[in-house]
Structures are given as structure tokens and as C-alpha cells.
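The entries follow the order in which I went through the topics.

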Amino acid sequence: MKISIVGLGYVGAVSSACLASAGHRVWGVDINPEKVRIINEGASPIVESGLAEKIAQARSAGRLQATVDIAEALRESELCFVAVATPSRPNGEIDPAHLFRACKQIGTALATLRRKQIVVIRSSVLPSIFDECRRIFASNAPGLVELCANPEFLREGTAILDFEEPPFTILGTDTAAAEDMLRSLYADQTAPIFVLKPREALMVKYASNAFHAMKVAFANEIAAVCQPAGVDADAVMNIFCSDTKLNISRRYLKPGFAFGGSCLPKDVRAILYAGKTMDLQLPLMAGILSSNEEVIERAFQKVRATGKRRIGMIGLSFKSNTDDLRESPFVELAERLLGKGYELSIYDPNVIAARLTGANKEYIDAVIPHLFRLMVPSVEELANCELLLVGHHFDGVDAVLETNRASVIDLTARRAATSAGVVEQELVLEI
Ligand SMILES: NC(=O)c1ccc[n+]([C@@H]2O[C@H](COP(=O)([O-])OP(=O)(O)OC[C@H]3O[C@@H](n4cnc5c(N)ncnc54)[C@H](O)[C@@H]3O)[C@@H](O)[C@H]2O)c1
């Protein structure tokens with residue numbers, strides 16, 4: 001394949017060398033003539049293990065050429081990767097200046113050459129910036145560019161290995177032609193390939209890096225609590241990581257409603273208190289609880305925004321398949337709605353059964369007797385509600401929702417739409 005790569009920094013130089021050594025013909029483009037000269041001399045413009053050797057081999061095989069002239073590269077290539085920097089501005093937003101300039105230069109060159117091209121954003125950008133890149137191409141190279149996203153997951157220091165053996169390859173594209181081309185480019189890789197819309201593809205990168213950053217901060221806060229107490233944090237985290245069932249797993253990583261129950265909030269609070277006694281600031285741990293409260297607040301605001309007053313809640317216990325109401329976020333939401341004068345009916349067969357058998361009677365009677373009085377024995381009895389809040393998908397609930405004329409807000413992020421109601425999905429990312 002003939003490939004151009006715009007930007008010869010960490011990502012661009014590694015991609016250029018690896019793709020050339022995989023047998024492709026690569027033109028690397030950079031505005032920095034020094035980087036271009038170094039690559040053309042068969043050396044590496046960055047410190048990265050094994051990269052200089054790969055560049056030297058690619059140069060002597062005649063498969064890699066660097067240039068400052070974008071048109072020279074695009075004249076030959078059929079696929080153009082953009083790997084320019086997307087640094088932060090002081091306020092945290094991405095500075096897209098390099099990226100927009102590169103897109104303008106690519107578009108102008110393609111328009112002059114009258115050449116079509118699949119252009120792939122390899123840089124890390126949020127969807128709104130990708131959309132702007134689309135607008136740039138639509139205005140300066142109309143009909144010539146098919147814009148895709150293919151975020152990079154390499155880590156400096158192990159970049160070549162990461163490029164050749166990534167955890168997965170994410171292709172963000174709207175068309176089969178671009179998908180086919182990118183799939184064939186990565187055909188030799190053993191990693192799974194996931195094809196998404198560009199917006200989702202780009203967000204996988206941000207979710208991954210935010211998660212990595214959070215993991216480091218988390219381990220450090222656990223260590224901060226352990227060390228003054230003479231607890232070996234390394235031993236704790238080593239064993240912690242050996243649990244691939246609950247800890248290092250898909251568990252607890254599905255967007256949905258707030259957490260609650262008898263353990264998670266209590267134990268996070270206990271760590272925070274321990275930190276306080278040691279004069280430790282634990283902003284990540286503290287943030288967990290306020291982040292959780294925000295989930296409830298967003299749900300409340302969504303209800304408010306509908307203007308509906310007669311609300312049916314489906315699910316009251318803190319999670320499905322239990323009658324446990326302790327620190328249930330649904331109880332909290334119900335209290336908030338009642339406090340603001342909403343008319344509330346609640347359906348939760350587990351809670352009703354628990355009250356009847358006496359299992360959870362004490363708690364219900366002592367803590368939420370006012371909510372229990374609002375409970376209905378069947379979901380059909382929510383028929384008069386204007387808005388249904390779905391916390392749990394009990395058996396039979398989905399069928400009722402299909403025919404119910406009420407609007408629905410699904411707090412579990414499971415249903416995207418209703419037949420007759422407002423289309424709502426909790427935790428849809430709005431960027
Ligand atoms: N560095 C990493 O480990 C890494 C890993 C994954 C993703 N990313 C993302 O990849 C992107 C690139 O990161 P990087 O670390 O390689 O950046 P970098 O700063 O090392 O390299 C960017 C290069 O682009 C060149 N450039 C700027 N404008 C140009 C233009 N108009 N035409 C041609 N070249 C131009 C610069 O001269 C520079 O050499 C960023 O969005 C980054 O977030 C980086």
C-alpha cells in the first residue's frame with residue numbers, strides 16, 4: 001500500500017518505520033526539516049528502542065522517504081495518516097492548531113492534485129474537533145476526502161512492540177471502502193479489529209487514557225493510606241490485581257446508574273476518614289462519592305426537564321436481584337422527587353416480596369415507610385404515569401414499556417428509545 005504520514009513525531013516516526021518494514025511504501029511528512037533530514041539519513045528523530053534500526057532498514061529498502069512537501073507525498077499515496085500533536089491549552093481544551101493546519105494543507109494539496117484520498121486521523125482528538133476537520137475538507141477538497149479515525153495506543157519506550165502488537169485496533173469509519181482498506185492494512189496483526197463510528201472510535205482512546213491515569217492515581221492513593229499505617233501497599237495491589245473476576249475485569253465498567261448498597265459507599269467513606277486522620281488529601285477517593293451523587297442529580301434534572309409530574313419508578317433496591325435498600329441511589333432519587341412535589345408510584349417486586357415475607361420489613365418500616373406506601377404490586381399499575389424511570393429491567397417490564405404510552409428515561413442505559421415517549425438514555429456522552 002502507498003501511505004503518507006503527516007507528522008513525524010513519536011507516533012508518526014514509529015508508524016512510518018513499522019509500516020515501511022511491513023512492506024508498505026511510506027512517505028513521511030513534517031514541517032520540521034531537521035526531522036526530515038534525520039529520517040532520510042536513516043536515523044531516528046526520537047529516542048525509541050529499535051526505531052533507528054527499523055528506519056535504517058526501511059531507507060535502504062527504498063520503502064521510506066521523508067519530505068517537507070505534503071503534495072509530494074500525496075501525489076503517490078492512497079492512504080494518508082495524520083499524526084500531528086494535539087497539545088493542551090492552559091484551560092485544558094485541545095489546541096487543534098497543528099491538526100487544522102495539517103488538514104488545510106492536505107485538502108489544498110489534494111484539490112490541486114485532483115486526487116481522492118482516505119485520510120485517517122491518528123492523533124488523539126475529541127469528536128467535536130474531528131467534525132471540524134470534516135468541515136475543513138468539505139470546504140477545501142470537496143468530495144475528495146474520506147475522513148476516518150484510527151486512534152493510536154502505543155506507549156513511548158515500547159512503541160514498536162505496541163504498534164505491532166496493540167491490544168486492539170480501532171477503526172472509526174462510516175464507509176465499507178475505508179473499512180476494507182484499513183482492515184487490509186492491519187491484516188497481519190493478530191489483535192482484534194473493532195469497527196466503530198469515528199466519534200466512538202475517538203472516545204475509546206480518551207476512555208483508555210483517562211482509565212490508565214485513574215489507575216495510577218488510585219494505586220497511589222491506596223499506597224498513601226497504607227504506608228503511614230505500616231501496610232505493604234505493593235503486596236496489597238499485587239493481590240488486588242490478581243483478581244480478574246471483579247477487579248481487573250469488565251465488572252463495574254458498564255455505564256448505568258449510581259452505585260449504592262451496604263458496602264461501596266461505606267467503604268469509600270472509611271478510606272476517606274482514614275486519610276483524614278493521617279492528614280492525607282485523597283481527591284480521587286473523595287471524587288468518587290461526588291461523582292456518584294452527580295449521576296443522581298443528572299437523573300433528577302432529566303426528569304425536571306421533561307416537565308412531567310406523574311412519575312413511575314421501576315426499581316427501588318440498590319441493584320437488581322436484591323431487596324437491599326441500604327444507600328440505594330433509587331431511594332435517594334425518589335426522595336428528591338418527592339421533596340420537589342412530584343407524584344410518585346414505585347414498582348419493585350423484590351422489595352414488596354421482602355416486606356411481605358418480613359425479610360426486610362424492619363428496614364422498610366423504619367427508614368422508608370413513606371416510600372413503601374407509594375409502591376404498586378404490578379408494573380401495569382404505572383399505566384397512569386406520564387414518565388417512567390427504569391432502574392431495573394424486571395421480567396415483563398420491557399414488554400410493558402413497549403406498549404405503555406408514557407415517556408421513558410432508562411437509568412440503566414439499556415433501552416435507547418421507547419415506542420411513544422421521549423428518547424432518553426442515561427450517560428450518553430455529550431461532547
Ligand atoms: N506520544 C505518544 O506516546 C502518543 C501515543 C498515542 C497517541 N498519541 C497522540 O498522537 C498525536 C501525535 O503525538 P506525538 O507524541 O507523536 O506528537 P509530536 O509532537 O512528537 O509530533 C508531532 C509532529 O507533527 C509535526 N507537525 C506539526 N504540524 C505539522 C504539519 N502541518 N505538517 C506536518 N507535520 C506537522 C511536528 O513538527 C512534529 O514533528 C497526538 O495527538 C498524541 O496525543 C501520542
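**Entry 1, H5 and H6.** I began with the crossing of H5 and H6, which is right-handed, and I note at once that I am reading a predicted model. The axes of H5 and of helix H6, residues 127-140, come within 9 Å and cross at roughly 25 degrees. Angles under 35 degrees count as roughly parallel, and H5 is therefore roughly parallel to H6. I then listed the residues that meet: from H5 they are Leu 99, Phe 100, Cys 103, Lys 104, Ile 106, Gly 107, Thr 108 and Ala 111, and from H6 they are Ile 129, Glu 132, Cys 133, Ile 136, Phe 137 and Asn 140. Sorted by class, the contact of H5 with H6 holds nine nonpolar, three polar and two charged residues.

I stayed with H6 and looked up its approach to H9, where the axes come within 9 Å and cross at roughly 135 degrees. That angle makes H6 oblique to H9, and H6 passes H9 in a right-handed crossing. On the H6 side I found Pro 127, Phe 130, Asp 131 and Arg 134 in the contact, and on the H9 side Pro 198, Arg 199, Leu 202 and Met 203. Which classes make up the contact of H6 with H9? I noted five nonpolar and three charged residues there, with no polar ones.

The largest share, five residues, comes from H9. I recorded a space of about 1,000 Å³ for this second largest pocket. Its lining has 37 residues, and those closest to the centre are Val 11, Ala 83, Val 84, Ala 85 and Thr 86. By class, the lining of the second largest pocket divides into 17 nonpolar, 12 polar and eight charged residues.

About 90 Å³ of space lies in the largest cavity. Of the 13 residues that line the largest cavity, Arg 122, Glu 152, Pro 166, Phe 168 and Thr 169 lie nearest its centre. Helix H7 (159-164) and strand S7 (169-172) each supply at least two residues of this lining, which has seven nonpolar, three polar and three charged residues.

I looked up Leu 272, which lies in helix H11, residues 264-277. Leaving aside residues up to four places away in sequence, Leu 272 touches Leu 282, Met 285, Ala 286 and Leu 289. Leu 272 and Ala 286 are 14 residues apart along the chain, and their C-alpha atoms are separated by 6.8 Å.

The contact brings together Ile 296, Glu 297, Ala 299, Phe 300 and Val 303 of H12 with Pro 329, Glu 332, Leu 333, Arg 336 and Leu 337 of H13. I counted seven nonpolar and three charged residues in the contact of H12 with H13, and no polar ones.

Methods. Residues numbered from 1 in each chain as written. Predicted model: local features only at pLDDT ≥ 70, side-chain atom pairs only at ≥ 80, totals over all residues. Heavy atoms only, no water. Contact = heavy atoms within 4.5 Å. Helix = DSSP H or I, 4+ residues; strand = E, 2+ residues; numbered from the N terminus. Nonpolar A, V, L, I, M, F, W, Y, C, P; charged D, E, K, R; others polar. 1 Å grid on protein atoms, 1.4 Å probe; cavity = no way out; pocket = protein on both sides within 12 Å on 5 of 7 lines; lining within 4 Å. Points joined across faces, edges and corners; volume = space filled by probe spheres on them. Axes fitted to C-alpha atoms, helices over the stretch in contact; angles between N-to-C directions. Parallel < 35°, antiparallel > 145°, perpendicular 65-115°, else oblique. Left-handed = near helix turned anticlockwise from the far one by under 90°.
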